[in-house]
Amino acid sequence: MTVLPDQPRRVVRRDSRRYPEVLRQAGPAALFAADEFFTARIRNPHTRRAYQRPVRLFLEWCRDQELDLRSVAPGDAAKFIDSLSSVSVQKLAIAALRQFFDVLVNRHAVMLNPFRSVRGPRRDTREGKTPEITVPQARQLLDSLDSARPVGLRDRAILGTLTYTGQRVGAVARLRLQDLLDYGDRRSFAFREKRGKEREIPLRFDLDQWISEYMAAAVPADDPKSAPLFRTTSPTTATGFTNRSVQPWTIRTLLKRRLRDAGLPEIITPHSFRVMVVTDLLSQDVAIEEVQYLAGHSHPSTTQIYDRRSRRVTRNLVERISV
């Protein structure tokens, strides 16, 4: 039998200076766990950014309290959560720090997870706080757009997609030409959602027409299928658009501008269209399972959070008070 010679082990040296002092003091296993948590465990960049803030805040809090990471007890964890400003921030911090300490425990950097026994704050989630745009307001917004200009065609196509699909602004911004599926008698959008979800939604007639008019003005015929569908504007190109994709913040900005132009409340956000779609379909007695699939929710209880029918009943009721 041939015996292979021992291969020298390659030692990976991490630059520990980029980590907070509290984490460095916990030893190499803690640094390894932090690398694992924020690079290998959390693959979604939005979740990674959201979780980094509460973890960093907690490490800074430990430094201010002169608390060693290996000696953090459930009581210390509860004090940190109580120091945070709002219920939503507290719930996010508990979710992030529970997972972070799970990795620290698995890598034997700490003995226990102090956040496992910390109860989260109670919050009534029967109805969300996202402001709703009503059906008449959505019609008023779409009718106010100037379709004689290329940028108006783009904005109408984007806002029409939000209105007639109810999808998240990130999924709309990520659309590529290849995501517009043509079946001859109909076309559909293939949306890529959070956690790798993919969902195909047909285009209703008016939205299909708006997409065609926008593409005729903005998208060169020889563009590759991997090119973005909705693009940023540019005064120096022949079409008036770049080959760069719009970002979610771009859509939020153009929505605020269009709301001002239409004389509508600027409190409305891109997420408001999801509230409108869910509420409108449930008001028409569409099965909640169908609305749940359209919205891309994992559970019907999440869909119910977007239902604003009870709020309308409350307004109707108070209008009947005889004063």
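**Exercise 1. How much space lies in the second largest pocket, and which residues are the closest to its centre?**

Solution. The second largest pocket holds about 430 Å³ of space; a pocket here is an open set of points on a 1 Å grid over the protein atoms alone, with protein on both sides within 12 Å along at least five of seven lines, and lining residues have an atom within 4 Å of a point. A volume is the space filled by probe spheres set on the points, which are joined across faces, edges and corners. Of the 18 lining residues, Thr163, Tyr164, Arg204, Met276 and Asp280 are the closest to the centre. The elements that give two or more residues to this lining are H6, H7, strand E3 (198-202) and H11, where helices (H or I, at least four residues) and strands (E, at least two) are DSSP runs numbered from the N terminus. By class, the lining has eleven nonpolar, three polar and four charged residues, with Ala, Val, Leu, Ile, Met, Phe, Trp, Tyr, Cys and Pro counted as nonpolar, Asp, Glu, Lys and Arg as charged, and the others, Gly among them, as polar.

The model is predicted, so that local features need pLDDT of at least 70 and side-chain atom pairs count only at pLDDT 80 or more, while totals for chains, interfaces and linings use all residues. Residues are numbered from 1 along each chain as its sequence is written, and side-chain values use heavy atoms, with hydrogens and water left out.

**Exercise 2. At what angle do the axes of H6 and H7 cross, and which residues make the contact?**

Solution. The axes of H6 (residues 135-143) and H7 (residues 150-165) come within 10 Å and cross at roughly 165°; axes are lines fitted to C-alpha atoms, for helices over the stretch in contact, and angles run from 0 to 180 degrees between N-to-C directions. H6 and H7 are therefore roughly antiparallel, a term that applies to angles over 145 degrees. Ala138, Leu141 and Leu142 of H6 make the contact (heavy atoms within 4.5 Å) with Arg156, Leu159, Gly160, Thr163 and Tyr164 of H7. These residues divide into five nonpolar, two polar and one charged.

**Exercise 3. Which residues of H7 and H9 meet?**

Solution. The axes of H7 and H9 (residues 205-218) come within 9 Å and cross at roughly 150°, which makes H7 roughly antiparallel to H9. On the H7 side the contact uses Leu153, Arg154, Arg156, Ala157, Gly160, Thr161, Tyr164 and Thr165, and these meet Asp206, Leu207, Trp210, Ile211, Glu213, Tyr214 and Ala217 in H9. The contact has eight nonpolar, three polar and four charged residues.

**Exercise 4. At what angle do H3 and H5 pack?**

Solution. H3 (residues 45-64) and H5 (residues 87-106) pack at an angle of about 80°, with their axes 9 Å apart. That makes H3 roughly perpendicular to H5, the term for angles of 65 to 115 degrees. The residues of this contact divide into twelve nonpolar, one polar and no charged.

Definitions and conventions. Parallel < 35°, antiparallel > 145°, perpendicular 65-115°, else oblique. 1 Å grid on protein atoms, 1.4 Å probe; cavity = no way out; pocket = protein on both sides within 12 Å on 5 of 7 lines; lining within 4 Å.
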